[in-house]
Every structure is written in C-alpha cells, then in structure tokens.
Amino acid sequence: MGPGDARGAGASGLDGASATAGAAGPVGVGAEPSSRLFRASVILLVLAPLCSVMGWAGFLFVLGQQAVPGWAVGGVLFLTAMVLLKVDSSRRRSSITFRGRNRRNRWPWFVTLPAVVSVLFSGLGALDDVSSAKYHVLSPANSDGCRVAVREVSFLFAGSGTVYVVNAAGIGWKVSSWTADDGYEPVSSRNYELKWHSDGGSLLLHSNGDPVWPGLHEINCPAAP
C-alpha cells in the first residue's frame, strides 16, 4: 500500500471516529436528564401507594383549611410520576432512534408494582368518597396548632362520620366515629361545638331530632415539641 493509500485510510479512520463521537455526544448529554427524571418518577411512585394506603388506614392530610384524603394525594403523585415517565421514555426513544436501534422500553417491576398498587387503592378511595363523603376542617385550633377534621357520609336513611385529630404538620389520624339516623349530618348543619381545654378538647354533636351516637368525642392532641 502506497503513501497515498495510507493517508486515505487514516483520513477515513478519523472521519469514522468523528462520526462515532458525534453520535455519542447527544446520547451522553440526553441520558443524564432522562436518568434524573426516571429516578424522580420512581420516588413519586413509591410515595403514591404509601399515601393511598395511609388513607385507608385512617390517616388524613390537611392543607390550610382543606382536608385532602390519602387517595387524592396518592393519585396526584401517581399522575405526576406518569408524566415524568412519559417525558423520560420520549427522550430515551429519541436517543435510541438517533443511534439507529429499534428497542422497546419496558418498565421494571419496581415501577410497575407501585403503579398498580397506587391505581388500585386510589381508585377504590375515590369510589368510596366521590359519591357522598364531605370533609370539614373545624375551627378553632388550639394554642399548639392542633385541629379537628371530620368526614361525613350520608346515604339514604343512614348517616355516619369520622373524627380526625390533625397535628401542626397537617397530618391527621382517626380517633373516633359516629352514626346518625335519616342521613343527618351534624357538622354540615353547623350543629356542633368544639371546645379546647388544658389537657385536650371535646367535640359535641347536637341532634336535630335525629339521634347521633355517640354525641361527645374527646380530642387528645399530641404534645407540642
């Protein structure tokens, strides 16, 4: 092989290396943000079913004066995770197409499992709440920021309710419940009294002719830090 051929082969090798480096450049740049999006979506997918299950276990979240059930928090986290996964998948497909590969992305089990659990518990929670449940955050709070929230349900000739104690961080848990006749809702009717004293509080639900069992609910707040 002559000198001219050697120079041609060298130039060809350099061109090939440059082309390879050029193709690898965008893939390397695009891979990092996709990886961050994927990690963020996995974290949200772990938190989503946790919040949904907490709702079924008797926990409630309060933001300002709005009570948010666990299934709703889990649902928002799940939808956010799905959006991030969609963006991440689109970026990965773009990188694969650029490299001339046709490979199908599949979610690993640690993404699929929490997604299924989140959809199941959030869906069941929504079905249980959307029909007739009403949430109320009662005023006033005590001096340490402890509050009371209630969930009322009225169906045909039956009524019921759940009392939650809510700490200063906005996390509430079930402490008692009641039943009422004829679908009566004492809190929605503003027929109640919430009183605080030095070692806790009390919620008194008044009857309008339809009895409420029990009518008195003791409130024990967590100790202030």
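Colleague: Why does Cys51 count as buried?

Modeller: This is a predicted model, and every value here is computed from its atoms. Cys51 has a relative accessibility of 11%. Buried means under 20%, so Cys51 counts as buried.

Colleague: What makes Cys146 and Cys221 a disulfide?

Modeller: The S to S distance between Cys146 and Cys221 is 1.9 Å. The cut-off is a pair of cysteine sulfur atoms within 2.5 Å, so the pair qualifies as a disulfide. By that rule the count comes to one disulfide.

Colleague: Are Cys146 and Cys221 buried or partly exposed?

Modeller: Cys146 has 4% relative accessibility and counts as buried. Cys221 has a relative accessible area of 22%. Buried requires under 20% and exposed over 50%, so Cys221 is partly exposed.

Colleague: Why does Asp128 count as partly exposed?

Modeller: Asp128 is at 41% relative accessibility. With buried set at under 20% and exposed at over 50%, that value falls in between, so Asp128 is partly exposed. Asp128 is placed in helix α3 (residues 109-130).

Colleague: Where is the bridge partner of Val153?

Modeller: In β5, where Val153 is partnered by Ser160. β4 and β5 pair in the antiparallel sense over nine bridges. Two strands pair if there are at least two bridges between them, so nine bridges make β4 and β5 a pair. Their hairpin has two residues between the strands, and Leu156 takes a positive phi near 55° there.

Colleague: How many bridges join β5 to strand β6?

Modeller: Nine, between β5 and β6 (residues 171-181), and the two run antiparallel. Gly161 stands opposite Trp178 in β6. The hairpin of β5 and β6 has four residues between the strands, with Gly170 at a positive phi near 90°.

Colleague: What makes β7 and β10 edge strands?

Modeller: The open sheet has three strands in the order β7-β8-β10, with antiparallel pairing. β7 (192-197) and β10 each pair on one side only, and they are the edge strands. The twist averages 15° from one strand to the next. β8 (residues 200-205) and β10 pair over four bridges. Leu203 stands opposite His217 in β10.

Colleague: How many helices and strands does the chain come to?

Modeller: Three helices and ten strands. Finally, contacts: among those with a separation of 6 or more, 54% come from residues 24 or more positions apart. The chain exposes about 13000 Å², of which carbon and sulfur atoms supply 62%.

How values were computed. Residues are numbered from 1 along each chain as its sequence is written. This is a predicted model: local features need pLDDT of at least 70, side-chain atom pairs count only at pLDDT 80 or more; totals for chains, interfaces and linings use all residues. Side-chain values use heavy atoms; hydrogens and water are left out. Buried means under 20% relative accessible area, exposed over 50%, partly exposed in between (1.4 Å probe, protein chains only). Axes are lines fitted to C-alpha atoms, for helices over the stretch in contact, and angles run from 0 to 180 degrees between N-to-C directions. Contact means heavy atoms within 4.5 Å. Accessible areas come from the Shrake-Rupley method with a 1.4 Å probe; for residues, only the protein chains shown count as cover.
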